[in-house]
Amino acid sequence: MDHKTFLEKLSQRVNAGKEETSEMIGALCQVLTDSALDGDIVTFPGFGSFEPHKRIERIAKHPSNGKRMLIPPKITLTFRPSTLLKQKVRNHE
């Protein structure tokens, strides 16, 4: 599903205008970003949680020339679906 379709479905579901819904999505993304940078876990009951993980710096080989290079540390987000979401997806067959 692309952003436009998602925006239309969500705005219909919450009975709000597309512009207002777009602002809500932007605010949600900003809160997730800020929380990840702070190292906090964001949990949506019945949906899942977003967990930030710090990846340490490491040395890797460049695939084309074989030179060793240093990959800097970074923060990644992982999503863990809730048990309820997993059950709904499994039973939807």
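Analyst: Two strands pair if DSSP finds at least two bridges between them. Strands (E, at least two residues) and helices (H or I, at least four) are DSSP runs, numbered from the N terminus. This is a predicted model, with local features needing pLDDT of at least 70, side-chain atom pairs pLDDT 80 or more, and totals for chains, interfaces and linings using all residues. Residues are numbered from 1 along each chain as its sequence is written, and side-chain values use heavy atoms, without hydrogens and water.

Start with strand β2, residues 48-55. It pairs with β5 in the antiparallel sense, over eight bridges. Take two residues of this pairing. G48 has P81 in β5 as its bridge partner. R55 stands opposite K74 in β5.

β2 also pairs with β1, again in the antiparallel sense, over three bridges. Here T43 is bridged to S49 in β2. β1 and β2 form a hairpin, with three residues between them. Look at G46 in that turn: its phi is positive, about 85 degrees.

From α1, H3, F6, L7, E8, L10 and S11 make the contact. From α2, the partners are K18, T21, S22 and I25. By class, the contact has four nonpolar, four polar and two charged residues. Nonpolar means Ala, Val, Leu, Ile, Met, Phe, Trp, Tyr, Cys and Pro, charged means Asp, Glu, Lys and Arg, and the others are polar, Gly among them.

Now the open space. The largest pocket is lined by F6, L10, M24, I25, L28, C29, L32, F44, F47 and F50. On a 1 Å grid, a pocket is an open set of points with protein on both sides within 12 Å along at least five of seven lines, and lining residues have an atom within 4 Å of a point. α1 and α2 are the elements that give two or more residues to this lining. α2 gives the most, with five. The class count for the pocket lining is 10 nonpolar, no polar and no charged residues.

Finally, the largest cavity, where a 1.4 Å probe fits but cannot get out. Its lining brings back the bridged pair R55 and K74, along with I56, R58, I71, P72 and P73. That lining divides into four nonpolar, no polar and three charged residues.

Definitions and conventions. Contact means heavy atoms within 4.5 Å.
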